[in-house]
Amino acid sequence: MTTDFRVRQAQVVDAPVLARLRWAFKQEDHEGGSSAPARSMTQAEQWIRERLDGGQWLAWVVERGAEICGHVFLHLVERVPDPYEDNTPVGYVTNFYVMPEYRNLGFGAALLRALRQHAQELGSDVLIVWPSERSVPVYRRAGFRPSPDLLEAR
């Protein structure tokens with residue numbers, strides 16, 4: 001593990017880099033790899049820019065020197081008011097990625113710590129994620145556990 005990095009909340013100006021990393025992330029997961037993307041990176045950059053600017057989404061980046069080498073996104077989903085329970089938002093965690101050459105150095109763990117700390121400060125007590133098989137161990141080390149409370153329809 002190295003300590004030669006920092007984690008910070010992403011800003012709108014980071015959108016071009018976040019879009020490039022998103023494309024790298026999805027290309028890693030895309031089996032066969034030869035089909036053309038369904039949308040342009042410019043569209044992804046615009047989407048990210050709009051969401052970060054509007055506060056609809058939050059993101060954290062990990063930097064080594066001046067290079068952004070990983071990110072994680074959080075979308076806070078409001079709950080309908082409840083007369084008997086707190087209706088703090090549920091946090092949807094997604095787009096968690098660290099460039100291959102920076103993996104196993106503590107970067108991913110630091111990103112998830114920053115995200116969890118922020119969610120706790122907002123009062124959000126539930127975070128959900130649909131992990132890839134490869135990411136399950138890092139999420140589990142960060143305190144995520146399977147839930148008997150969720151159902152999914154596809």
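What percentage of the contacts in the protein with a separation of 6 or more is accounted for by residues 24 or more positions apart? The share is 63%, where contact means heavy atoms within 4.5 Å. The structure is a predicted model, in which local features need pLDDT of at least 70 and side-chain atom pairs count only at pLDDT 80 or more, whereas totals for chains, interfaces and linings use all residues. Residues are numbered from 1 along each chain as its sequence is written, and side-chain values use heavy atoms, with hydrogens and water left out.

The protein contains four helices and five strands. These elements are DSSP runs numbered from the N terminus, with helices (H or I) of at least four residues and strands (E) of at least two. Read from the N terminus, their order is β-α-α-β-β-β-α-β-α. The radius of gyration is 16 Å, close to the 15 Å that the globule rule gives for 154 residues, so the protein is as compact as a globular protein of that length. The radius is taken over C-alpha atoms, and the globule rule is 2.2 Å times the number of residues to the power 0.38. Along the principal axes, the C-alpha atoms fill a box of roughly 50 × 40 × 30 Å.

The accessible surface of the protein comes to about 10000 Å², and 50% of it belongs to carbon and sulfur atoms. Accessible areas come from the Shrake-Rupley method with a 1.4 Å probe; for residues, only the protein chains shown count as cover. Of the 154 residues, 37% count as buried. Buried means under 20% relative accessible area, exposed means over 50%, and partly exposed lies in between (1.4 Å probe, protein chains only). The protein carries 18 positive and 20 negative charges, whose mean positions are 5 Å apart. In this count Lys and Arg are positive and Asp and Glu negative, while His and the chain ends are not counted. Each charge is placed at NZ of Lys, CZ of Arg, CG of Asp or CD of Glu.

In soluble globular proteins, nonpolar side chains tend to be buried together. The largest nonpolar core of this model has 41 residues, of which Trp 60, Val 72 and Val 93 touch the most other members. A nonpolar core is a set of buried Ala, Val, Leu, Ile, Met, Phe, Trp, Tyr and Cys residues joined through side-chain atoms within 4.5 Å. Two or more residues of this core come from each of helix H1 (15–29), helix H2 (41–54), strand E2 (57–64), strand E3 (67–77), strand E4 (90–98), helix H3 (107–121), strand E5 (126–129) and helix H4 (136–141). H3 gives the largest share, seven residues.

Leaving aside neighbours within four places in sequence, Val 93 is in contact with Val 72, Phe 73, Leu 74, Leu 115, Leu 127, Ile 128, Val 129, Tyr 139 and Phe 144. Leu 115 belongs to helix H3 and is buried, with a relative accessible area of 0%. Not counting residues up to four places away in sequence, Leu 115 touches Trp 60, Val 72, Phe 73, Leu 74, Val 93 and Leu 127. The C-alpha atoms of Leu 115 and Val 126 are 11 residues apart along the chain and separated by 12 Å.

Arginine residues were also examined. Arg 8, in strand E1 (residues 6–9), is buried at a relative accessible area of 16%. Its C-alpha atom is separated by 5.6 Å from that of Trp 60, 52 residues apart along the chain. Beyond residues up to four places away in sequence, Arg 8 touches Asp 14, Ala 59, Trp 60, Val 61, Glu 63 and Ile 68. Arg 22, in helix H1, is partly exposed, with a relative accessible area of 27%. Apart from neighbours within four places in sequence, Arg 22 is in contact with His 71 and Asn 95.

Asn 95 itself lies in strand E4 and has a positive phi of about 55° although it is not a glycine. Asn 104, likewise not a glycine, has a positive phi of about 65° and is placed in the loop between E4 and H3. Asn 95 counts as buried at 8% relative accessibility, whereas Asn 104 counts as exposed at 78%.
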